[in-house]
Amino acid sequence: MFVTGHGPFPSYLLRFNLRTHDNCSCGEKGDPMHYATKCPFTLSWHFQTPTVSLKLQWLKNILTNNFSRTRLRLLMRFICDENNLIVEDNN
């Protein structure tokens, strides 16, 4: 879900009109990179922000490193379980 961007992310749900906006509760765009690197709600699982030119290599490194994959799974579990906390919904 993280790599493809499909899942409980506001940026994805907006495409299907399941959300009225793509913002996280903290006010920034709610896409996978936001939750993995910047969101104050997911601080425990943050990764170092990659440069744009190294983003693909950064993703490959995360997926091949067991520790990083575990952190990514925990992050995704938190996002799924606590979706009402991290996704601002004005409906």
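Reader: Where is the place of Asn 17?

Author: Asn 17 sits in the loop between α1 and α2. Helices here are DSSP runs of H or I with at least four residues, strands are E runs of at least two, and both are numbered from the N terminus. This is a predicted model: local features need pLDDT of at least 70, side-chain atom pairs count only at pLDDT 80 or more, and totals for chains, interfaces and linings use all residues. Residues are numbered from 1 along each chain as its sequence is written, and side-chain values use heavy atoms, with hydrogens and water left out.

Reader: What is phi of Asn 17?

Author: General idea first. Most residues other than glycine have a negative phi. In Asn 17, phi is near 55 degrees, a positive value in a residue other than glycine.

Reader: Next, rings. How many aromatic pairs are there?

Author: A pair of aromatic rings is described by the distance of the centres and the angle of the planes. Rings of Phe, Tyr and Trp (its six-membered ring) pair if their centres lie within 6.5 Å; planes under 30 degrees apart are stacked, over 60 edge-to-face, and the rest tilted. The count comes to 5 aromatic pairs. One of them is Tyr 12 with Phe 16: edge-to-face, 5.2 Å centre to centre, with 65 degrees between the planes. Tyr 12 is buried at 18% relative accessible area. Phe 16 is partly exposed at 48%.

Reader: Why is the pair of Trp 45 and Phe 78 tilted?

Author: The planes of Trp 45 and Phe 78 stand at 35 degrees, with ring centres 4.9 Å apart, so the pair is tilted. This pair links distant parts of the chain, 33 residues apart. Trp 45 is in the loop between α2 (32–37) and α3 (55–64), and Phe 78 is in helix α4 (residues 66–81). Trp 45 is buried, with a relative accessible area of 18%. Phe 78 is buried too, at 18%.

Reader: Which residues form one aromatic cluster?

Author: Phe 2, Phe 47 and Trp 58. A charge sits over a ring if NZ of Lys or CZ of Arg is within 6 Å of the ring centre and within 35 degrees of the ring normal. Arg 71 lies over the face of Phe 47, 4.2 Å from the ring centre.

Reader: What are the buried residues of α3?

Author: An α-helix has 3.6 residues a turn, so residues three or four places apart point the same way. In α3 the buried residues are Trp 58, Leu 59 and Ile 62. Seen down the axis, they fall within an arc of 100 degrees (taken from the directions from the helix axis to the C-beta atoms), so they line one face of α3. They pack against α2 and α4 (contact means heavy atoms within 4.5 Å). The face turned away carries the exposed residues Leu 56 and Thr 64.

Reader: Where is Thr 42 found?

Author: Thr 42 is in the loop between α2 and α3. Thr 42 is buried, at 0% relative accessibility. A polar contact is a pair of N or O atoms within 3.5 Å; within protein, one must be able to donate a hydrogen and the other to accept it, and residues adjacent in sequence count only if both atoms are side-chain atoms. The side chains of Thr 42 and His 46 make one, at 3.4 Å. Leaving aside neighbours within four places in sequence, Thr 42 contacts Tyr 35, Leu 75 and Phe 78.

Reader: What is Phe 9 in contact with?

Author: Leaving aside neighbours within four places, the contacts of Phe 9 include Met 1, Phe 2, Pro 32 and Met 76. Phe 9 lies in the segment before α1 (10–13), and is buried at 0%. Met 76 lies in helix α4 and is buried at 9%.

Reader: Last, how many disulfides are there?

Author: A disulfide is a pair of cysteine sulfur atoms within 2.5 Å. The count comes to 0. Cys 24 is in no disulfide, and the nearest cysteine sulfur, that of Cys 39, is 3.6 Å away. Cys 24 is buried, at 0% relative accessibility. Cys 80 is in no disulfide either; the nearest cysteine sulfur, again that of Cys 39, is 14 Å away. Cys 80 is partly exposed, at 39%.

Terms used:
Buried < 20%, exposed > 50% of the residue type's maximum accessible area, 1.4 Å probe, protein only.
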